[in-house]
Amino acid sequence: RASYDEEGAKIVNDIAEKAKEKGVKIHLPTDFVCAELPDNKWPPVECKVENCDMESGIKDGWKGLDCGPKSDAAFKES
């Protein structure tokens, strides 16, 4: 699974509110490049890689590595 930053998560609402007040749009990824982690070892020597999205989620035993191609395209347009 993707890493979760508990301390960072506590300030998300404050950041979103400040951005809204200043008219700043926050861009978040909607798809991700994910890799299977054999035995949950990181970094893996060999792994399967595929794109995941918010609907499919990240499979158990897999890790989110980066933004996916749809997110990259959207970020380039903004």
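Asp66 lies in strand S3, which spans residues 62–67. The model is predicted.

Is Asp66 buried or exposed? Its relative accessibility is 52%. The cut-off for exposed is over 50%, so Asp66 counts as exposed. Asp66 and Phe32 are 34 residues apart in sequence, yet their C-alpha atoms are separated by 5.6 Å. Setting aside neighbours within four places in sequence, Asp66 is in contact with Asp31, Phe32 and Val33.

Which residues make up the largest nonpolar core? There are five: Phe32, Cys34, Cys52, Ile58 and Trp62. Take Cys52 as one of them. Apart from neighbours within four places in sequence, Cys52 is in contact with Asp31, Phe32, Cys34 and Gly57. Phe32 and Cys34 are also members of that core. Asp31 is a contact of Cys52 and also of Asp66.

Asp31 also points the way to Ser71. Ser71 lies in helix H3, residues 69–77. Not counting residues up to four places away in sequence, Ser71 touches Pro29, Thr30 and Asp31. Why does Ser71 count as buried? Its relative accessible area is 2%, and buried means under 20%. Asp66, by contrast, counts as exposed at 52%.

Note on methods:
Residues are numbered from 1 along each chain as its sequence is written. This is a predicted model: local features need pLDDT of at least 70, side-chain atom pairs count only at pLDDT 80 or more; totals for chains, interfaces and linings use all residues. Side-chain values use heavy atoms; hydrogens and water are left out. Helices (H or I, at least four residues) and strands (E, at least two) are DSSP runs, numbered from the N terminus. Buried means under 20% relative accessible area, exposed over 50%, partly exposed in between (1.4 Å probe, protein chains only). Contact means heavy atoms within 4.5 Å. A nonpolar core is a set of buried Ala, Val, Leu, Ile, Met, Phe, Trp, Tyr and Cys residues joined through side-chain atoms within 4.5 Å.
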